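Hi there,

Here is the structure I promised to pass on. Have a look at it first, and then read on for what turned up.

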Amino acid sequence: MMRRIAALLLPVVFVLFSAGCAPDDFKDSTHMVTFFAMNTYVTVRPSDVMRDGEAVSPDVMDTLLTECRALVTEIENTLSATLPESDTGRFNRSAEGITDASPLFAELLSRSLTISEATGGAFSPTLQTLTALWNVTGGGYVPTDAQLKEALSHTDPAAVTVTGNAVYKTDAALMVDFGAIGKGYAAERMIEYLRDAGLQAGLVSLGGNVGAFQSPTDLDAFTVGITDPADTSALIGNLALKNGYVSVSGDYERYFEAGGEIYHHIFDPSTGMPADSDLRCAVVIAQDGALADALSTALFVMGEEQALAFYDSGIYDFHAILVTADGRILVTSGIAGAFEQTGGGYELTLHGQ
Ligand code: AMP
Ligand code: MG
C-alpha cells in the first residue's frame, strides 16, 4: 500500500530518485518506507547489505526503518511552527525566549543564524510572522501594505541569541520558521544514522531534499531526477549522486493564485514579498544536508547574478544548478560531469573553472 502511494505521488515530488543506476541490491530491494511528516512525503531506502557484505536481517531492517521514522518525528515535534508544544511553538509564543531548548533546536537555530549572516540575509530563520501572514500552505492570503510592514518589522535575525540551551529574543513578536532548513537537516540525521549502522548504502528523500551515502564508493551512483519548473511532470535532467545531499527550491513547489497573480512560498526577507527572482529553481549539492537546504532557498532569493557571486566567494563548499526564467540552466563546473541534461529545451552553460 505504501509503495503504491509512493509511486502515485512521485510525479509531484520535486526531486525524484530512480533505482535504475543504483547500487546492485537497490534494484530489487523492497525495503522502503514512505510516510508523511514535516509537511511532505518522506521516503527512506536503506540498502539490505552491510559494508562487510553481510545481509541485513529482517529484524534489523525493521529497526532501521522504525528509527528513521522516529528521528523525523522527533525533529518535527521539536521544530514545527504549528505544533504548540514544539520548541519552536514555545519560543515563538514567549516574550523573551526559552531557557530549556533542546540541543536540536538550539544547534539548528545557531547554524541557521550563521547561514543567514553568510547569505546577507537571503536565508532567514526568523520569517514566521511573514510565513503565517501569507499562509501559502493553507491556501494563501495577500496581505495589505500595513500588515506586511508590521510582519516584516519582526523578522530581524539579530534579535535572536543562542547560548547553550537558552535561546533569547529582544523582540517579543519575532518568530522562527525552519521551513527552509528542517527537511535538509532531517535528511542529514537519517543518513548519518544509516551510515553509522554499518550499511553499504542508503537513500532518503523529503520533498525537494535528497540524501545519499555509499561505502564502498565504487558502486553505481544513485540517480536524482531534477524537475522541470516549466512542466513539473517532466525532468530537465539527472544528477548522479553517491555521497551527499541535493536540495531544490523553486517557485513551482508551493504557491497560490489571487487576482490573476501567482504568489509563491519563498520570501525575500528584505521586502516580505515572494522573492521576485529571475530563477525558477535553485539546486544545491553539498556534503551538509541542512546547508544544502538553506542555500537552495538563499540562492533562489538572490537570483542569478548574486547567486553566482556568492558561489564564487567560496564562503561555502557546494555545487549548484540554477534554472533561469529565461530558459537557461547554469551548472557550476565541479558538478558538470554528474549532471546529464535530458529535456526541457534549456540552453546549458557551465559556470567556473
Ligand atoms: P524551501 O522549500 O527549502 O526553499 O523553503 C521554503 C520555506 O521556508 C517556506 O515555505 C517558508 O516556510 C520558509 N521561507 C520562505 N522564504 C524564506 C527565506 N528567504 N529564508 C528562510 N526561510 C524561508
Ligand atoms: Mg531550503
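The residues of the shell around ligand 1 are 8 nonpolar, 6 polar and 3 charged. Please keep in mind that this is a predicted model. In total, 17 residues surround ligand 1, and S124, D177, S249, F267 and T297 are the closest of them. Helix α8, which covers residues 289–313, gives the most to this shell, with 3 residues. As for where the ligand is placed, ligand 1 sits in the largest pocket.

A backbone N or O atom of S124 is 3.0 Å from a nitrogen atom of ligand 1. Ligand 1 taken alone exposes 500 Å², and the protein buries 92% of that.

Then there is the metal. Which protein atoms are the donors of the magnesium ion (ligand 2)? They are A180 (O), D293 (O), D293 (OD) and T297 (OG1), at 2.1 to 2.5 Å from the ion. Along the chain, these donors follow the spacing A-x112-D-x3-T. A180 belongs to the loop between β6 (166–169) and α7 (182–196), while D293 is in helix α8, so the pair ties together parts that are 113 residues apart in sequence.

Best wishes

Methods. Residues are numbered from 1 along each chain as its sequence is written. Chains are lettered from A and ligands numbered from 1 in the order in which they are written. This is a predicted model: local features need pLDDT of at least 70, side-chain atom pairs count only at pLDDT 80 or more; totals for chains, interfaces and linings use all residues. Side-chain values use heavy atoms; hydrogens and water are left out. A residue is near a molecule or strand if one of its heavy atoms lies within 4 Å of it. A polar contact is a pair of N or O atoms within 3.5 Å; within protein, one must be able to donate a hydrogen and the other to accept it, and residues adjacent in sequence count only if both atoms are side-chain atoms. Accessible areas come from the Shrake-Rupley method with a 1.4 Å probe; for residues, only the protein chains shown count as cover. On a 1 Å grid over the protein atoms alone, a cavity is a set of points where a 1.4 Å probe fits but cannot get out, and a pocket is an open set with protein on both sides within 12 Å along at least five of seven lines; lining residues have an atom within 4 Å of a point. A molecule sits in a cavity or pocket if more than half of its atoms lie within 2 Å of its grid points. Helices (H or I, at least four residues) and strands (E, at least two) are DSSP runs, numbered from the N terminus. Ala, Val, Leu, Ile, Met, Phe, Trp, Tyr, Cys and Pro count as nonpolar, Asp, Glu, Lys and Arg as charged, and the others, Gly among them, as polar. Donors are N, O and S atoms within 2.8 Å of the metal (3.2 Å for Na, K and Ca); water is not among the atoms, so sites may look incomplete.
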